[in-house]
Amino acid sequence: MQKKLNPMQRFLAIRGIASVLTAFAGVIVLMIIFSILNPNFAKPNSLLTLMRSVVPFLLVGIGQAYVCITGNIDLSIGSVLGMSAMISATMMCNGSHPLVAVLVAFLACMFTGFINGLLVGKFKLPPFIGTLGTMTIARGVAQLANGNYNTDNIGSEGAAQMYKDILYYGKTLGIYNGVWIGLIVWAIFFYILTFTRSGRHIYAIGSNVDAARLSGVNVFATTTKAYMVSAFCAFLTGLITMAQSGMGDMSAGMSYEMYAVAAAVIGGVSTLGGSGLLVGVIAGASVWAILQSGLTFANVPVAFRNIIIGLIVVACVLFDVLRRDGKKSSKKAKKEAVKVA
Amino acid sequence: MSEYAVSMEHITKTFPGVKALDDVQLHLRAGEVMALLGENGAGKSTLMKILSGVYTRDSGSIEIFGHKVEGDLNTKQAQELGVAIIHQELNMCQHLSVSANMFLGREILKGGRMDTAEMNRQAREQLAKLGIHDLDPNTTVGDLTVGRQQMVEIAKALLINAKVLVMDEPSSALSNAEIEEMFRIVRELRSQGCAIVYISHRLQELHHIVDSVTIMRDGHYITEGKFTDFTMEQIIANMVGHEITNQFPRDTVPRGKKVLEVKHLRAGRMVKDVSFDAYEGEVLGFSGLVGAGRTETMRAIFGADPKDGGEIILDGKKLTIHNPADAIRQGIVLAPEDRKKDGLCTKLSIRSNIALPNLDLICAKLGTVLRGKENKMIEKGKSSLTIKMSSAEVDAGSLSGGNQQKVVVAKWLARDSRVVIFDEPTRGIDVAAKVEIYEIINQLKKNGVVVIIVSSELPEVMGISDRILVMCNGRITGEVDPRGTTEEEIMTYATRFGSN
């Protein structure tokens with residue numbers, strides 16, 4: 001009975017694809033505007049740098065998208081990022097091998113993610129409050145790591161330089177390594193969310209947690225997985241930020257939880273849970289990064305930059321909401337019609 | 001001036017692609033309760049939405065109390081003409097008080113401040129007119145039972161001088177006692193000269209209050225007349241377009257071996273001491289009043305709520321069930337009472353919903369969902385249940401009630417379970433879909449599955465089960481054979497509150 005759709009129709013029938021396409025359209029429009037304002041913006045070299053600057057937003061956006069799709073929010077992302085940067089930098093400055101430093105930072109971050117899952121998934125704390133707590137604690141740990149000081153430079157010899165090259169400065173096939181890392185991580189989490197059982201469970205508890213539980217879904221385990229993905233992404237972003245600056249900054253990652261929300265939401269992820277595509281986060285993160293660097297290229301003063309970015313983000317999401325509302329009212333009528341038929 | 005309070009003639013309404021109403025008429029007299037009947041999707045709601053101004057008609061005429069409606073009717077006009085709808089889902093601010101809800105948007109002010117005393121007084125007066133004297137207008141609405149909330153909604157409608165009341169499935173969420181009270185109020189309103197449109201799928205309750213009927217099918221007007229002029233068979237035949245010879249098909253299968261044994265189950269305040277056995281080839285019905293602990297018993301068996309004690313034995317093996325996942329894995333599944341709240345992820349596709357509890361069957365070792373196996377599962381569910389849908393990718397929430405229920409059932413048919421529990425399997429779905437659900441239950445029974453049904457509709461539980469257990473106050477108080485019992489006998493057991 002079911003009609004065979006051609007690939008194009010099937011693509012357009014994916015739920016939530018419209019928001020993603022809107023976001024990518026936004027990326028293109030912004031690229032065009034900024035290229036006109038300053039022709040240097042679209043030069044190959046600045047494009048390469050631009051791609052690299054998308055990566056941090058992309059990574060934290062992926063994490064926040066996972067958590068948002070379960071119907072929760074993770075406010076601890078920025079602090080976990082800072083913790084990752086500070087722990088790894090402090091240990092490297094004190095002579096640890098980068099691998100050891102990274103491992104310790106990894107464990108600390110994942111533990112935070114697990115605690116988030118425990119608070120929200122097991123003890124049913126409102127996610128806003130639960131992760132507000134871990135956000136504050138993790139920032140405290142970041143400050144404590146080097147005795148309330150930023151660290152010295154991790155240096156540029158041997159392993160330390162290799163660390164910086166692998167994560168930030170080096171290139172593979174002409175493209176910065178950070179971009180490759182972002183893409184690989186994205187691909188892995190895209191696969192998990194779209195094609196695996198855990199991914200299905202994440203959507204299900206975001207859509208209707210009671211129905212999911214009665215269908216045999218382990219709500220605690222699923223919530224925890226989402227928070228640990230988020231923590232992992234923040235951890236990785238922390239390493240990259242640290243590689244970039246070459247030192248541990250106690251305020252690293254400040255406000256990144258909100259940038260993450262922006263990347264996810266601009267990309268079409270619903271903060272209410274149950275819907276969103278990870279492809280959209282690429283567009284969402286790009287919009288954010290393009291605005292930052294595009295406005296710099298256009299010589300807009302910092303204060304105005306913030307105001308403009310704020311306005312554009314609200315406009316992006318507002319546009320999407322209005323578009324969806326328009327669709328809903330016609331859909332409602334159609335639904336009624338289908339029922340009648 | 002016509003003899004009717006409301007008369008609608010030649011109403012036509014088209015939605016993109018579909019004619020929802022085609023030349024429909026409706027005549028309602030003051031001081032009369034009219035049942036508007038039809039299957040889900042017959043156009044009842046669309047017609048009522050036109051009457052209340054939510055939708056505008058394409059053509060046709062509407063006259064309300066002699067006032068001919070020119071042009072489009074909007075909700076405000078309809079309200080001024082005295083039309084009010086009591087919705088199936090109550091529209092109440094749960095955190096506000098009774099009088100605050102009744103006066104919402106029309107608060108009485110005195111010197112710029114809200115005159116709470118006056119609003120309470122008027123609220124009390126209005127409730128008293130409905131014969132409700134024991135409801136304090138300061139009570140928070142969320143603390144009231146659903147039945148009481150409905151009373152408040154009716155009182156609210158009367159406060160703005162509603163003369164035409166449309167009640168959409170008012171009895172579906174009420175207990176028997178609450179239904180009695182609701183009927184009393186409807187009769188009271190009728191004697192005061194209100195005209196009432198009563199929409200319900202519970203045909204058995206109509207004779208208590210209904211004076212006339214109007215029947216619709218597929219967007220067409222079929223017939224109208226005095227209720228007493230129709231037999232129940234005629235009404236059903238008019239609704240579905242063909243005769244349903246057997247409203248409750250029940251196949252008899254020889255009773256097999258004992259499959260499920262529940263011993264001294266205790267859970268929370270509602271399940272005090274429940275023991276029963278269930279056998280292969282039987283449908284075991286659970287009857288009782290709302291609040292007797294039936295749903296809670298089933299939820300405890302399924303692991304949805306924690307147990308305080310007792311044993312569950314399946315095929316001679318004692319089970320440990322801490323959560324629904326344990327129960328599902330060991331062969332006990334539950335189709336819950338509240339589809340929207342507990343049964344479906346309405347924002348996800350039909351595909352995801354059917355696959356959700358069965359991902360263990362269709363996943364590769366590392367957790368990748370195997371598309372081919374999944375498609376096969378969806379196909380099987382779709383064909384064995386005749387779910388009407390354009391594709392498996394549409395939101396489950398966009399289906400009609402009957403089709404949503406079929407998706408819930410399809411979820412559980414996809415795996416071989418030993419015990420399938422249905423809690424209120426046919427609430428709010430139409431006659432034809434009900435029969436389809438019963439057929440599925442029969443099929444399960446033939447396949448040797450134990451089917452347990454919890455239902456508040458006595459005719460249903462008597463019509464479909466092979467054995468009925470009656471619960472009261474957290475205990476099983478009686479066992480009856482549905483073929484040789486009466487509603488009275490079941491009610492006797494259902495009200496046997498004892499000290500023990």
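Q: Is Glu457(B) buried or exposed?
A: This is a predicted model, in which local features need pLDDT of at least 70 and side-chain atom pairs count only at pLDDT 80 or more, whereas totals for chains, interfaces and linings use all residues. Residues are numbered from 1 along each chain as its sequence is written, chains are lettered from A and ligands numbered from 1 in the order in which they are written, and side-chain values use heavy atoms, with hydrogens and water left out. Glu457(B) sits in the loop between strand E20 (450–454) and helix H16 (458–464) of chain B, where helices (H or I, at least four residues) and strands (E, at least two) are DSSP runs numbered from the N terminus. Its relative accessibility is 13%, and since buried means under 20% relative accessible area, exposed over 50% and partly exposed in between (1.4 Å probe, protein chains only), Glu457(B) counts as buried.

Q: Which residues are in contact with Glu457(B), leaving aside its neighbours within four places in sequence?
A: Contact here means heavy atoms within 4.5 Å. With neighbours within four places in sequence left aside, the partners of Glu457(B) are Arg202(B), Gln204(B), Thr426(B) and Lys434(B).

Q: What separates the C-alpha atoms of Thr70(A) and Tyr203(A)?
A: Thr70(A) belongs to the loop between helix H3 (44–69) and helix H4 (77–93) of chain A, and with a relative accessible area of 6% it is buried. Leaving aside neighbours within four places in sequence, Thr70(A) is in contact with Ile202(A), Ile205(A), Gly206(A) and Ala226(A), while a polar atom of its side chain lies 2.5 Å from the backbone oxygen of Val67(A). Thr70(A) and Tyr203(A) are 133 residues apart along the chain, yet the separation of their C-alpha atoms is 6.0 Å.

Q: How many of the residues of helix H12 of chain A are buried?
A: In H12(A), the buried residues include Tyr256(A), Glu257(A) and Ala260(A). Glu257(A) is touched by Ser79(A), a residue of helix H4 of chain A that is itself buried, with a relative accessible area of 3%. Helix H12 (residues 256–266) is largely enclosed by the rest of the structure, because the buried count among its 11 residues is nine.

Q: What is the area buried between chain A and chain B?
A: Across this interface, 31 residues of chain A are in contact with 53 residues of chain B. Buried area is the accessible area (1.4 Å probe) that two parts lose on being put together, summed over both. Carbon and sulfur atoms give 54% of the area buried between the two chains, which is about 3200 Å².

Q: Which helix supplies the largest share of the side of chain A that touches chain B?
A: Between chain A and chain B, the count is 10 residue pairs in polar contact (both at pLDDT 80 or more), a polar contact being a pair of N or O atoms within 3.5 Å, of which, within protein, one must be able to donate a hydrogen and the other to accept it, with residues adjacent in sequence counting only if both atoms are side-chain atoms. Helix H8 (177–195), helix H9 (197–207), helix H10 (209–214) and helix H14 (302–340) of chain A each supply at least two residues of the side that touches chain B. The largest share, seven residues, comes from H14(A).

Q: Which residue of chain B forms a salt bridge with Asp210(A)?
A: A salt bridge is a side-chain nitrogen of Lys or Arg within 4 Å of a carboxyl oxygen of Asp or Glu, and the count between chain A and chain B is two. Asp210(A) is partly exposed at 31% relative accessibility. In its salt bridge, the closest N and O atoms are 3.9 Å apart, and the partner is Lys341(B).

Q: What is the relative accessible area of Glu282(B)?
A: Glu282(B) forms a salt bridge with Arg255(B), the closest N and O atoms being 3.9 Å apart. Arg255(B) counts as partly exposed at 47% relative accessibility. Glu282(B), by contrast, is buried, with a relative accessible area of 3%.

Q: How many disulfides are there over all chains?
A: A disulfide is taken as a pair of cysteine sulfur atoms within 2.5 Å. Over all chains, the number of disulfides found by this rule is zero.
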